[in-house]
Amino acid sequence: ANDALVASLAPIGQRVTPGSCLVVGVDGVPVFDAGGLTSVIPASNMKLVTAAVALDVLGPDHRFTTEAKADQAPAGGT
């Protein structure tokens, strides 16, 4: 099963860009590694920096608006 998993991850692993990484483990044992030794900044830390700058630049009263649009209603109207 691990061989099948590794084979299915190979195309994704080839798309890992420099400065990124992808490591997949099964039961705590790495079975796939693409750039696993690459030092990266965790995304959660980058979100903190982004939020701090947005708060400073946009101010505490700024609100983003998100709209969901579609050409037609999904099946069942949901």
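This is a predicted model: local features need pLDDT of at least 70, side-chain atom pairs count only at pLDDT 80 or more; totals for chains, interfaces and linings use all residues.
Helix α2 covers residues 43-58, 16 residues in all, and spans 22 Å from its first C-alpha to its last, close to the 22 Å expected at 1.5 Å a residue.

Along the sequence, the elements of the chain are arranged as α-β-β-α. The radius of gyration is 20 Å, whereas the globule rule gives 12 Å for 78 residues; the chain value is well over that, so the chain is more spread out than a compact globule. The count behind the pattern is two helices and two strands.

Of the 78 residues in the chain, 5% are buried, where buried means under 20% relative accessible area. Consider next the contacts between residues at least 6 apart in sequence: 13% of these join residues at least 24 apart.

The surface and the charges remain. The chain has an accessible surface of about 6700 Å², and carbon and sulfur atoms account for 59% of it. Its charged side chains comprise 4 positive and 7 negative ones. The centres of the positive set and the negative set lie 8 Å apart.

Note on methods:
Residues are numbered from 1 along each chain as its sequence is written. Side-chain values use heavy atoms; hydrogens and water are left out. Helices (H or I, at least four residues) and strands (E, at least two) are DSSP runs, numbered from the N terminus. The radius of gyration is taken over C-alpha atoms; the globule rule is 2.2 Å times the number of residues to the power 0.38. Buried means under 20% relative accessible area, exposed over 50%, partly exposed in between (1.4 Å probe, protein chains only). Contact means heavy atoms within 4.5 Å. Accessible areas come from the Shrake-Rupley method with a 1.4 Å probe; for residues, only the protein chains shown count as cover. Lys and Arg count as positive and Asp and Glu as negative; His and the chain ends are not counted. The place of a charge is taken as NZ of Lys, CZ of Arg, CG of Asp or CD of Glu. The expected span of a helix is 1.5 Å times one less than its number of residues.
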